[in-house]
Amino acid sequence: MADKTLSGEVFYPTEDAIRQAHVKDWDKMREEAERDLEGFWAKEANELHWFQHWDKVLDDSKKPFFQWFVGGKTNIVYNCLDRHAETARRNKLALLWEGEKGEFRSFSYFALRREVCRFANVLKSLGVKKGDRVTIYMGRVPELPIAMLATARIGAVHSVVYGGFTVEALAERIEDSQSKLLITCDGAYQRGKIVPLKQIADEAVQRAGTIESVLVVKRTGEPINMEQGRDLWYHELMALPIANGGCQIEVMDAEDPLYMLYTSGTTGKPKAILHTHGGYMVGTYTTLKYVFDIHEEDRFWCAADPGWVTGHSYIVYGPLLNGATSFMYEGAPTYPYPNRWWQMIEKYGINILYTAPTAIRGLMRFGEAWPNRHDLSSLRLLGSVGEPINPEAWKWYHRVIGKGRCPIMDTWWQTETGMFMITPMPCVPLKPGSGTRPFPGVKMDILSEDGKPVKPNEEGFLVIKTPWPAMLRTLYKDPERYVQQYWSKYPGMYMTGDSARRDEDGYYWVIGRVDDVIKVSGYRLGTAEIESALVSHHAIAEAAAIGLPHEVKGNAIHAYVMLKAGQQKTDTLVEDLRQHVSKELGPIAKPEHIEIVDSLPKTRSGKIMRRVLKARALGQDPGNLTTLEE
């Protein structure tokens with residue numbers, strides 16, 4: 001049911017949605033959390049297993065280096081697997097998987113723990129120990145979450161690199177993390193083609209000198225190079241006696257590192273976000289339970305890639321912590337036809353679908369006939385992640401996929417936050433395009449340049465005012481950059497880097513990035529990374545990249561380049577540059593449009609003024625140009 005208000009349409013929850021929801025009164029929960037923040041999170045943490053109880057919920061004595069559940073001993077993998085495998089849930093399905101070619105695999109909690117223990121034994125036999133970094137570069141296959149869980153089980157730190165990234169990005173992340181082991185696949189299927197992951201991995205390993213062993217999962221069966229003494233087949237090692245038997249779980253301090261995940265920065269060099277076992281576990285467990293209202297019989301599908309934080313938190317850790325059944329699909333939403341997703345929802349009885357606005361907009365283009373061919377009545381809740389969803393896409397998703405009865409959980413959060421920060425719950429009235437309000441126990445605000453809260457419907461800087469359990473602890477090997485990037489603009493507050501407004505009902509509307517990061521299809525790409533890739537081409541002297549609105553991707557990359565002397569402007573060169581960026585950073589970073597120019601707008605200190613390029617491209621007033629070089 002929808003009503004009109006001053007700030008647009010409001011969709012109210014049905015009586016059914018409220019009746020079965022874990023939380024029936026959002027305001028009451030928020031008030032309880034505000035009254036006793038530490039008590040609120042301690043109550044959630046007490047639902048999980050601890051080898052040793054914590055002494056202190058939150059230590060803020062070294063802020064902004066906050067610590068949670070200080071003195072507590074746990075292991076997130078024990079809570080994901082062992083806790084369920086030793087109860088009546090042991091035979092419940094933990095993971096369902098469908099390959100792009102239609103293959104199907106499933107793992108009960110008991111079976112998934114067995115596979116994770118076997119692989120953990122293999123990792124130990126290769127010399128991986130507590131604190132070591134392991135890089136994982138794979139397609140969307142079950143061995144990817146198995147590799148993550150096995151690494152964490154023995155106390156090592158996983159660094160998952162998205163399988164769409166190419167040589168440069170992979171090599172840089174291996175080098176920075178100083179990984180000794182790389183886990184990859186012979187290849188991955190994407191839209192009927194094979195992505196040559198092993199070939200890319202080989203090149204990256206040559207550039208980054210730290211890798212001692214490469215473990216290869218056989219997915220495609222295509223012939224690949226296997227270097228003797230370095231490269232090993234996953235299936236062969238898993239068949240050896242070394243893999244057999246259980247694997248003693250490593251008891252971890254709550255603040256011990258769980259994983260690092262790289263995210264684009266404005267300086268070009270990706271930042272390695274560091275998350276820990278204790279707080280991250282409590283944050284992902286709690287947010288998934290309440291926001292997607294997880295019940296025992298639910299089949300939850302987060303349609304992201306495990307290579308991004310959404311996949312870490314809500315394909316792997318969050319669902320398993322909640323004892324849910326998580327569904328995972330290898331391929332693209334429209335392959336071989338635009339009904340692939342709807343077919344799988346019908347086939348597997350999926351109850352909850354969580355995806356990105358890009359995917360929704362892409363599927364909208366094919367009309368309503370494709371989803372209408374399928375019985376989508378198993379769906380109970382829908383979700384959106386990655387970027388603000390435009391109201392038209394929200395309404396289509398609600399009406400056509402949810403048949404008007406599935407509330408949409410529109411979530412705002414970041415790699416850095418580890419968990420949902422602004423989000424509704426099924427009991428909350430919804431406004432298309434708004435993530436509603438901060439999750440209980442999370443305090444946020446919108447500030448002007450001088451640090452004062454803005455008035456209703458005014459745009460400002462989105463900040464987080466209190467620490468939260470799943471927050472990043474630091475940037476790997478770069479604590480100074482951590483403080484500078486996130487805590488320096490407004491002392492004592494976390495700067496999200498996004499702009500937002502808040503309406504008269506207190507609902508938040510996130511607008512987008514305020515720094516030089518472009519969100520393409522929900523993926524964050526630094527302008528400096530794209531510009532570096534362009535300038536690495538032999539013909540280019542200088543480059544600038546901006547994001548412009550795109551109907552399907554949210555934003556598309558537009559680049560401006562200056563040629564080196566003696567180089568000629570040709571259509572062939574423009575296409576060559578697009579392919580060059582794709583090879584350096586991955587297809588997601590390929591510019592939509594490249595314009596060859598004679599000069600770029602710069603400040604007197606030499607900084608390219610991207611806002612001027614953006615304003616010109618959109619036909620807008622470029623604003624104050626007093627700092628522009630003559």
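Reader: How do the residues of the lining of the second largest cavity divide into nonpolar, polar and charged?
Author: That lining has 7 nonpolar, 1 polar and 1 charged. Here Ala, Val, Leu, Ile, Met, Phe, Trp, Tyr, Cys and Pro count as nonpolar, Asp, Glu, Lys and Arg as charged, and the others, including Gly, as polar. This is a predicted model, in which local features need pLDDT of at least 70, side-chain atom pairs need 80 or more, and totals for chains, interfaces and linings use all residues. Residues are numbered from 1 along each chain as its sequence is written, and side-chain values use heavy atoms, without hydrogens and water.

Reader: Which residues line the second largest cavity?
Author: The lining consists of V160, V161, Y162, F165, R173, L261, Y262, G307 and W308. A cavity is a set of points on a 1 Å grid over the protein atoms alone where a 1.4 Å probe fits but cannot get out, and lining residues have an atom within 4 Å of a point.

Reader: And the largest cavity, which residues lie nearest its centre?
Author: Y12, P13, T14, H398 and P407 do, among 12 lining residues.

Reader: Turning to rings, which residues form a cluster through ring pairs?
Author: F65, F66, W468, Y482, Y486, W487 and Y494 are linked. Rings of Phe, Tyr and Trp (its six-membered ring) pair if their centres lie within 6.5 Å.

Reader: Which charge lies over the face of W370?
Author: R373 does, at 4.2 Å from the ring centre; likewise, K489 lies over F461 at 4.6 Å. The criterion is NZ of Lys or CZ of Arg within 6 Å of the ring centre and within 35 degrees of the ring normal.

Definitions and conventions. 1 Å grid on protein atoms, 1.4 Å probe; cavity = no way out; pocket = protein on both sides within 12 Å on 5 of 7 lines; lining within 4 Å. Phe/Tyr/Trp six-rings, centres within 6.5 Å; stacked < 30°, edge-to-face > 60°.
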